[in-house]
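Here are a few friendly notes to read alongside the structure. Keep the picture open and look up each residue as you go.

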Amino acid sequence: MNVVVCVKQVPDTTARKEFLPDNRINRAAVENVINPFDEYAIEEALRLKESQGGSVTILTMGPPSAEDSIRKALAMGADSGVLVTDPALEGSDAWSTALVLSRALARLDYDLVMTGMESTDARTGLVPAALAEQLKLASLTYASRVEIADGKVRVNRQIPGGYQEVEAVYPAVVSVVKGVNEPRYPSLKGIMAAKRKEIQKLGFSDLDLPADSAGKTGEKAKAVEVTPRPEKPAGEVIRPDSPEAAAGAIADFLQAHKFI
Amino acid sequence: MDFDLTDEQVMIRNLAREFADSEIAPRAEHFDKHKEFPYEIVAKLADLGFLGLPVPEEYGGAGADTVSYAVAVEELSRGDASVGITVAAHTSLGTMPFLLFGTEAQKQEYVPRLAAGEMLWSFGLTEPQAGSDAGATQTRAKLDGGEWVINGTKSFITNSGTRISGGVTITAMTGTREDGKPEISNLIVPTGARGYIVSRDYDKMGWRASDTHELAFTDARVPEGNLLGTRGEGFHQFLTILDGGRISVAALSVGLAQAALDSSITYAKERVQFGKPIAAFEAIQFKIADMQTEIELARLMTYKAAWLKDQGRDFRMEAGMAKLFAGEVATRAAGHAVQIHGGYGVMEEFPVARYWRDVKIGEIGEGTSEIQRLVIARLLGL
C-alpha cells in the first residue's frame with residue numbers, strides 16, 4: 001500500500017494573520033506549520049504502512065520553506081518527499097493547486113492519495129475532490145475511519161448527524177477529518193533520520209502544464225476582499241448574591257436562548 | 001558566525017516544546033503537589049528518544065549534538081523543571097560516564113538500555129561530609145575475593161530511587177596514592193546489589209517531582225569488573241562529568257526562567273489595575289525587559305558552551321559561566337514573576353509559585369554558584 005499524502009504548509013493557526021494587497025495571507029510574516037488536518041492524513045498513512053507494508057510519500061506545493069513541513073512528516077516516519085515549488089505557482093487557487101498536485105502525482109507510484117479534509121488557512125476544502133476529479137479517481141472525503149480490505153478502501157464518511165459507509169476500488173483519493181486518529185510526535189531518531197531521506201524538487205516546467213494554468217494567471221477563484229472577524233462583544237456579567245441566585249440566573253439565560 | 005539553530009535543532013526544539021506544552025506543563029502542578037515521580041511522562045520521553053538524545057546511534061541513541069540536548073532540556077524544563085532534571089541527570093550524570101570512561105564491554109552492557117530509557121541511571125558523588133570537596137570522600141571500597149566491598153553514604157542522588165532506577169555510579173576511595181592523597185575511583189553499583197540500600201527520600205522545596213534519595217552502602221558487593229574505566233581516575237572522571245552536566249543545568253535554568261517570563265507577560269496583559277493592564281506600567285515593563293535581556297544572554301552562553309563541546313574544544317569556562325549566570329538569572333526572573341503576579345504569585349494555583357520554589361536549586365545542584373566562580377577563577381589562573 002503506497003500512499004501519497006498531500007500536505008499544505010499553513011500559517012500557525014494561533015498566529016495573527018496579515019494580508020497582502022491582493023488579499024492573500026502574508027506567509028513570510030508568521031510561523032508556518034503543517035496544516036493540522038494534514039497531520040491526521042500523515043498519521044493515517046503511516047498506520048496503513050505499518051499494517052499493510054508499502055511506503056508513504058509526502059507531496060506538497062509551496063514556497064521553498066515548505067520543505068520544513070516535509071521534513072517534519074519525514075521525521076514522523078514518512079519515507080520520501082516531493083516539493084513542487086516555483087515562483088510561477090504563487091497565488092494558485094484550489095483548482096490549480098489540485099491540477100499541479102495531480103501532475104506531480106502522475107510521476108509517482110501510489111495506491112492511495114490522502115489529504116486532510118481542508119486547510120486551516122483558506123478552508124475551502126475543495127482540493128481533495130478537485131484532485132480526484134483531475135486524476136479521474138474515486139473521491140472519498142471527510143473520512144473518520146479508513147480501512148483497506150479485499151482490494152478496496154472503505155471509509156466512514158462524516159455527514160451531519162452520522163456517517164456513510166463508502167467504499168471504492170483503489171487507487172482513490174481519501175480526505176480525513178480531525179480525530180480520525182491521534183497524530184504521533186516525530187521521534188528524535190526520526191528527526192535525525194529525516195535529513196538522510198530524499199526530497200525531490202519539481203518546478204513548473206516539470207509539470208507539463210500550459211503557462212496560464214496555475215499561479216496568479218491561472219486563477220479561477222479570486223479573493224476580492226478580506227474582512228477581519230468582528231471582535232466578540234463582551235459577555236454579560238452577572239454578580240449574584242447567592243448560589244441559588246446564580247443558578248437561577250444561569251437557568252434564565254439558558255431558557256431565554258432556548259437551550260433548555 | 002551563525003546564531004541560527006540547524007534544521008534538526010529546530011525540529012528537536014519544536015518537538016520538545018510541543019511535548020512540554022501538551023504533556024508536561026498541564027500536569028506539573030499535580031506531580032509537584034503530590035511529590036510524585038512522572039513515570040508516564042518519562043516513558044513517553046523514552047519512546048520519543050529523549051533519554052538518549054546525545055548518545056551516538058551505535059549505542060542506541062539519537063546521535064544528536066550537545067546544542068540539541070541543551071535546547072531539549074531547556075524546553076522540557078519550561079514545562080516542568082522536575083522533568084528537565086530527570087532527563088539531564090540521567091543523560092549527563094548517568095549515561096555520559098559510561099560513554100566517556102567505560103570499557104567497550106561496559107558501554108555495550110549499559111548504554112543501549114539507558115539510551116532507550118529502559119532504566120534510569122544516577123551518579124553518586126555527594127556525601128554527608130563531601131560534595132564539591134571530593135577529596136573528603138568517605139565512601140570506601142576494598143577488593144576482596146574478586147569483588148569490591150563498599151561502605152559509605154551518598155546524599156541527594158537524583159534518579160536513584162524510582163521503580164526504573166537501574167543503578168548508580170559512585171565515587172569511592174579505593175586506596176591511597178603514592179603522594180598520600182586518597183585514590184578515588186568510580187564504581188558501578190546496580191540496583192539490588194547486596195548491601196546497597198536506597199534509603200531516605202528527601203522532602204525538597206523544589207524539583208519535587210524528581211526523584212532524590214540517600215544511598216547507603218553496608219559491605220555492599222559488586223564484581224571487580226564494575227570499576228568504571230581505570231582505577232584511580234575517579235577524580236578526573238567526575239570533574240569531566242560535572243563540566244558536561246553544567247551545560248544541561250544551565251539549560252534547565254534558562255527554560256525555567258523563560259517559563260517565568262512567559263507567565264509574567266501573559267498575566268501582565270490580563271491584570272487590570274487603575275484602569276489599564278499592568279503591562280502598560282513602566283514598573284512592570286522594566287522588570288519584563290530585564291528578564292527578557294538576561295534570559296537571552298543566559299541562553300546564548302549556554303548554547304555557546306554546548307557548541308564548544310560539540311566542536312571538541314575546551315568548554316569548561318563557558319559551561320561554568322553559563323551555569324553560574326543562568327542559575328542566578330533564573331532566580332531573579334522567578335522573583336520578578338512572583339512580584340508581577342502580586343498576591344496570586346504566592347498562590348500555588350499559579351505556576352509561578354512553583355517556579356520560585358524550583359529555581360533556587362539551579363544555583364546549588366551540580367556545583368553551587370560559588371563553586372562555579374572558583375572554577376572560572378582557576379581557569380583564569382588565579
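**Notes on the model**

1. Let us begin with how chain A is connected. Among the contacts in chain A between residues at least 6 apart in sequence, 70% link residues at least 24 apart. Please keep in mind that this is a predicted model.

2. Next, the overall make-up of chain A. You can count six helices and eleven strands in chain A. Taken along the principal axes, the C-alpha atoms of chain A fill a box of roughly 70 × 50 × 40 Å. Of the 260 residues in chain A, 39% are buried.

3. Now look for the largest nonpolar core, which has 182 residues. Which residues touch the most other members of this core? They are V5(A), V174(A) and L187(B). Helix α6 of chain B, residues 234-270, gives the most to this core, with 16 residues.

4. Leaving aside residues up to four places away in sequence, V174(A) touches L112(A), M114(A), L140(A), A143(A), V146(A), V153(A) and V155(A).

5. Turn to the place where the chains meet. How many residues does the contact take from chain A and from chain B? Chain A supplies eleven residues, and chain B supplies 14 residues. On the side of chain A that touches chain B, the elements giving two or more residues are α2 (67-76) and α5 (188-194) of chain A. Of these, α5(A) gives the most, with four residues. Sorted by class, that side of chain A has six nonpolar, one polar and four charged residues.

6. Finally, a pair of helices in chain B. Two packed helices are described by the angle between their axes and the distance between the axes. For helix α8 (residues 316-341) of chain B and helix α9 (residues 351-359) of chain B, the axes come within 9 Å and cross at roughly 155°. Why is α8(B) called roughly antiparallel to α9(B)? Angles over 145 degrees count as roughly antiparallel, so the crossing angle makes α8(B) roughly antiparallel to α9(B). The crossing in which α8(B) passes α9(B) is left-handed.

7. From α8(B) come A330(B), T331(B), A334(B), G335(B), A337(B), V338(B) and H341(B). From α9(B) come V352(B), A353(B), Y355(B), W356(B) and V359(B). By class, the contact of α8(B) with α9(B) has nine nonpolar residues, three polar residues and no charged residues.

Terms used. Residues are numbered from 1 along each chain as its sequence is written. Chains are lettered from A and ligands numbered from 1 in the order in which they are written. This is a predicted model: local features need pLDDT of at least 70, side-chain atom pairs count only at pLDDT 80 or more; totals for chains, interfaces and linings use all residues. Axes are lines fitted to C-alpha atoms, for helices over the stretch in contact, and angles run from 0 to 180 degrees between N-to-C directions. Angles under 35 degrees count as roughly parallel, over 145 as roughly antiparallel, 65 to 115 as roughly perpendicular and the rest as oblique. A crossing is left-handed if the near helix is turned anticlockwise from the far one by less than a right angle, and right-handed if clockwise. Two residues are in contact if their C-beta atoms, placed from the backbone, lie within 7 Å. Ala, Val, Leu, Ile, Met, Phe, Trp, Tyr, Cys and Pro count as nonpolar, Asp, Glu, Lys and Arg as charged, and the others, Gly among them, as polar. A nonpolar core is a set of buried Ala, Val, Leu, Ile, Met, Phe, Trp, Tyr and Cys residues joined through C-beta atoms within 7 Å. A residue is buried if 20 or more other C-beta atoms lie within 10 Å of its own, exposed if 12 or fewer, and partly exposed in between; C-beta atoms are placed from the backbone.
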